[in-house]
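Here are some notes to read alongside the model, for someone meeting it for the first time. Keep the 3D view open and follow the points in order.

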Amino acid sequence: MDLLNTLVDKGLRRELPTREEALAVLATSDDELLDVVTAAGKVRRQWFGRRVKLNYLVNLKSGLCPEDCSYCSQRLGSKAGILKYTWLKPDQASEAAAAGLAGGAKRVCLVASGRGPTDRDVDRVSDTIKAIKDQNEGVEVCACLGLLSDGQAERLREAGADAYNHNLNTSESTYGDITTTHTYADRVDTVQKAHAAGLSACSGLIAGMGESDEDLVDVVYSLRALDPDSVPVNFLIPVEGTPLAKEWNLTPQRCLRILAMVRFVCPDVEVRIAGGREVHLRTMQPLALHLANSIFLGDYLTTEGQAGKADLEMIADAGFEVEGTGQVTLPEHRATAGAGGGCGSHAEAGCGSHEGGGCGPCGSAADEQALAAARVPETARASEARTDLVAVRRRGAGTDLAPNA
């Protein structure tokens, strides 16, 4: 396909595809799927080889969130039967993190429910970061605490945090349909605060909430414009007791196309397969490793993931290797740029966000072909509701049971 050859060439040059090209990837047929994976895989291998970075989640405070995010089992008014507990003590959090690090993770992601941290909460998390780093040389720590106030990102950086996660989740035009207690602009502001403080920005999306192809492309182009080092791609886990419990819109093929599109738009960024891979990719998970270079090991915040041992076996069987603590995740040109590096070349002129389109000449033959392909209706069938694959987490942080790692 001329489209895929064009996208590979652009990915190897770190050049932004046009929006029409990105849409065309999502519109490809199931017959073309392996060609799409092969093409995006070339870009992935150029910048990340066959390495897979493992990340491990520790839910520091679970449930009882005052925000109304429709996808979240911890939201205001949630009827989901999840674990609910207040802040873990630093030694408890460090113990939970140790299980993931022993399983091969090199980054620990410290997450807490809520709108955003108080200054006292920042103190708590700072103590936790110190406890983890004192016991684990070389570990990366990412904080995910919600909306940040002025000065909080700097304090987390001083405490030893390496990164801060705050996802955009969906397009700006549809954000109000998903959440009403804060705005899309609030989220953008927090990512920018993390950047400004010298933290490595981590920001991604959730697919499967009923969004259109245009919404998916919008949010990925917005992420590219924000310049994060890491882009987690979540696939909605429809948890009973949440407003989106009936949204089963994803197939394994659809998930692979989404990951490929993200890789083409953000060729040299850490693309992470996050929540929902077991539920929606299922037996196609190994193929996704050819697109993404990072996954979460074990369980998620409120739901169970694939067994950690199975994750490691999957990586090895697919011919990939776990990235070690001594290896640098990002390509050299991004790693040397520090936390300011983003998904793509900073030298690009006119690289647009969702408001402005992409780089490169307009009206080319490739653009016309891509635009025509983008008009092809999505052929993927809505996925059968696999509620059997959604299990509430009952082990690990906040319990007396051993974690899955």
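1. Is L236 buried or exposed? L236 is buried, as its relative accessible area is 3%; buried means under 20% relative accessible area, exposed over 50%, and partly exposed in between, using a 1.4 Å probe and protein chains only. You'll find L236 in the loop between β7 (230-235) and α10. Leaving out residues up to four places away in sequence, L236 touches Y71, I206, A207, G208, M209, L244, E247, L250 and H280, where contact means heavy atoms within 4.5 Å.

2. A word on the ground rules. This is a predicted model, in which local features need pLDDT of at least 70 and side-chain atom pairs count only at pLDDT 80 or more, while totals for chains, interfaces and linings use all residues. Residues are numbered from 1 along each chain as its sequence is written, and side-chain values use heavy atoms, with hydrogens and water left out.

3. Now the overall picture. The chain has 15 helices and 10 strands; these are DSSP runs numbered from the N terminus, with helices being H or I of at least four residues and strands E of at least two. Of its 405 residues, 58% count as buried. Among contacts with a separation of 6 or more, 79% join residues 24 or more positions apart.

4. Which residues have the most contacts inside the largest nonpolar core? They are V58, L110, L156, L205, F235, L259 and M261, in a core of 94 residues. Such a core is a set of buried Ala, Val, Leu, Ile, Met, Phe, Trp, Tyr and Cys residues joined through side-chain atoms within 4.5 Å. Helix α10 (residues 252-265) supplies the largest share of this core, 9 residues. Another core lies apart from it, with 9 residues, including C109, C144, A163 and A274.

5. Next, α10 and its neighbour. Helix α9 (residues 213-226) packs against α10 at an angle of about 35°, and their axes are 10 Å apart. Axes here are lines fitted to C-alpha atoms, for helices over the stretch in contact, and angles run from 0 to 180 degrees between N-to-C directions. From α9 the contact uses D213, L216, V217, V220, Y221 and R224, and from α10 it uses R254, I258, M261, V262 and V265.

6. Helix α2 (residues 19-26) is mostly covered, with 7 of its 8 residues buried. R19 is among the buried ones, and R19 also lies over the face of Y221, at 6.0 Å from the ring centre. R50 does likewise over F320, at 4.5 Å from the ring centre. The rule for a charge over a ring is that NZ of Lys or CZ of Arg is within 6 Å of the ring centre and within 35 degrees of the ring normal.

7. How many aromatic pairs are there? The count comes to 2, with rings of Phe, Tyr and Trp (its six-membered ring) pairing if their centres lie within 6.5 Å; planes under 30 degrees apart count as stacked, over 60 as edge-to-face and the rest as tilted. Y175 and Y184 form an edge-to-face pair, 6.0 Å centre to centre with 70° between the planes. F296 and Y300 also pair edge-to-face, at 6.5 Å and 80°.

8. T179, in the loop between α7 (175-178) and α8 (184-196), counts as buried because its relative accessible area is 1%. Beyond residues up to four places away in sequence, T179 touches D68, C69 and Y71. Q285, in helix α12 (residues 285-288), is buried at 5% relative accessibility. Q285 is in contact with R277, E278, Q306 and M314, leaving aside neighbours within four places in sequence.

9. Last, check the backbone at two arginines. R14 is not a glycine, yet has a positive phi of about 60°; R14 is in the loop between α1 (2-12) and α2. R282, not a glycine either, has a positive phi of about 50° and is found in the loop between α11 (277-280) and α12. R14 is partly exposed at 21% relative accessibility, and R282 is partly exposed at 23%.
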